[in-house]
Each structure stands twice: as C-alpha cells, then as structure tokens.
Amino acid sequence: DPELTSYLRHAIQDGVLPLHTFVTSFFRASQSQDLQNSATLDRLCRTALDLHYSSGLPPLGSIVSFSDSPLATLQDGLALLRIAYSLPGSPFHQPATSASQLVLLLLLHCVTDMSQISASQAMIHFAAGTDLLQNFRLLPDIRQALENFVLTLNFLIGDDEKAREAQMMHSLQL
C-alpha cells in the first residue's frame, strides 16, 4: 500500500519511529504469511535502505540500535533473506536484491565483534548461513559476505562442538 509506505517513511523521517525499530520490527513481521509477497517485502526493504542512506549515519546506529544485539537482528535478517529468495521476483519488485542489500549492511558493518557470541548462537547462525549458501543462488556480494561470516563462525564453533552437533543430528534422524 503506497499510503502506508508513505506514512512509515514520514514517521521515520520525523523521528517518531526510529529506523532501527522499524527494521527490527519489519524483520520479525516478515516471517508472517501476510507480508510474504514480493511487492511488500521489496517495498519495505527499499524504504529501510533509502532512509538509511539518506540519514548519512553508519548502519550501526541507523538500522541497528547501539543497545540492540546486531547478531539477534542478523538472525531475523537471515530469515528475511530466506523468504525473499523463496518468493518469485517480478520486473518491478526484486525482494531478493533489496533484502540482500539490507542484510549485507548488517554483515559488513554491524556484526564486527564476534568475541561475545556463544557456541549455541554461533551454531544457529552457522546453520542458517550454510542453509542459505547451499540452497539458494545468492547474489555475489551477499554470497561472499555470508561465506566469510560462516567461515568465521566455523572457527568459533570448533571441532568438538561440530562433532557433538553431528552426533545429535544423527540421533534425531534415527
């Protein structure tokens, strides 16, 4: 709905709705079946991207609040990315492209300190990233950033954790 998009844009520009609150809420809401269509996701991603770039602020502080965890936001962003790549594109709306650009900002500029990530969090992000890399034809920029992120997580998890996870998954499959 163009009117709703315009309302959101004005609310963010006027400071009534912080951009990072919009992005966090949008990422979570995108998992609802009601929002899972190409036009809606693309338009909302584009709104966030346009307002971020026009703000002149860095992504950490603009699309992710200083008080929020970039890793938690990234987890929701990866879920959005999966949905966007699952939807059909159209000549007018490319949700995979706009979602990739938004998640790329998170990966490159917000998720910089991996020292505080727990092993369980690392495994969740590792699984989500690996799933995206293996099951979708990602755009080159997001593929490269996601591969680097997954590789870093791989080092953090360590061989013992991976062996334990493989054993647990094998037991679940049986």
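Me: Where do Phe 22 and Phe 26 lie?
Reply: In this predicted model, both residues belong to helix α2, which covers residues 19-29. Phe 22 and Phe 26 are 4 residues apart, about one turn of the helix.

Me: Are those two buried or exposed?
Reply: Phe 22 and Phe 26 are both buried. For Phe 26, the relative accessible area is 3%, and that value counts as buried because the cut-off is under 20%.

Me: How many aromatic pairs does the structure hold?
Reply: There are 3 aromatic pairs in the structure. One of them joins Phe 22 and Phe 26, with 6.0 Å from centre to centre and 10° between the planes, and this pair is stacked.

Me: What about Phe 26 and Phe 27, what sort of pair do they form?
Reply: Phe 26 and Phe 27 form a tilted pair, with centres 6.0 Å apart and 45° between the planes. The pair counts as tilted because an angle under 30 degrees would be stacked and one over 60 would be edge-to-face. Phe 27 is buried as well, at a relative accessible area of 1%. Through ring pairs, Phe 22, Phe 26 and Phe 27 are linked into a cluster.

Me: Moving on to the core, which residues have the most contacts inside the largest nonpolar one?
Reply: Those residues are Phe 22, Phe 26 and Phe 149, in a core of 50 residues. Several helices each supply at least two residues of this core, among them α1 (2-13), α2, α3 (38-55) and α8 (140-173).

Me: And which helix gives the largest share of this core?
Reply: The largest share comes from α6, with 9 residues. Helix α6 covers residues 95-110.

Me: New topic: how many disulfides does the structure hold?
Reply: The structure holds 0 disulfides. Cys 45 is in none, and its nearest cysteine sulfur, that of Cys 110, is 15 Å away.

Me: Is Cys 45 buried or exposed?
Reply: Cys 45 counts as buried, at 0% relative accessibility. Cys 110 is also buried, with a relative accessible area of 4%.

Technical notes
Residues numbered from 1 in each chain as written. Predicted model: local features only at pLDDT ≥ 70, side-chain atom pairs only at ≥ 80, totals over all residues. Heavy atoms only, no water. Phe/Tyr/Trp six-rings, centres within 6.5 Å; stacked < 30°, edge-to-face > 60°. Buried < 20%, exposed > 50% of the residue type's maximum accessible area, 1.4 Å probe, protein only. Core = buried A, V, L, I, M, F, W, Y, C linked by side-chain atoms within 4.5 Å. Disulfide = S-S within 2.5 Å.
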